[in-house]
Amino acid sequence: MKNRDCYPVNSGYLTRMDTSVKALEEAISIRRQIETLESRLSSILRGGTPPTTTTRPAVRRYFSPTTRAKLAAAARARWARLRGPTPTTPAKKKGQLTPAGRRKLSQLMKARWAARRKSAGKKAAPAKKRGTLTPAGRRKLSELMKARWAARRKAAK
């Protein structure tokens, strides 16, 4: 009579214990695939480049100083193309005063300040406020409002 817990395999019999070890190995393999896919997905969502493998450590390549200089020059050229052309000569600053213009402005300001100091002693009459009612205007407005209210009360009754 055959044992139901054993299954025939080329090299002999595979027991349930062997099957569970094989299942664990398969589960580990699937878990590694899931981790790889998750890292690729997060890399894509972050906008970076997806890693090629997660199991191997990254080995830094050796570049000679001349190769590094060529790579740096190529990167600078790439960035320059992306940024666009830069002006070769700096633009002249506008709005600067010449010494003669500054002297003339200084004299004008001194004259203005002297005139202000001179007129500071004389107080000018305060300007009349606009928008204020005269007593006669106030009386007329009051009469008009009273007439309007009387008309409304009469219409309401």
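Author: Confidence is given as pLDDT, the predictor's confidence in each residue, from 0 to 100. In this predicted model, the protein chain averages a pLDDT of 81, and 77% of the residues score at least 70. Local features need pLDDT of at least 70, side-chain atom pairs count only at pLDDT 80 or more, and totals for chains, interfaces and linings use all residues. Residues are numbered from 1 along each chain as its sequence is written, and side-chain values use heavy atoms, with hydrogens and water left out.

Reader: What span does helix α4 reach?

Author: The expected span of a helix is 1.5 Å times one less than its number of residues. Helix α4 (residues 135-156), with 22 residues, reaches 32 Å from first C-alpha to last, close to the 32 Å expected.

Reader: Why does α4 lie largely in the open?

Author: Buried means under 20% relative accessible area, exposed over 50%, and partly exposed in between (1.4 Å probe, protein chains only). Of the 22 residues of α4, the number buried is zero, so the helix lies largely in the open. Across the protein chain, buried residues make up 1% of the 157 residues.

Methods. Helices (H or I, at least four residues) and strands (E, at least two) are DSSP runs, numbered from the N terminus.
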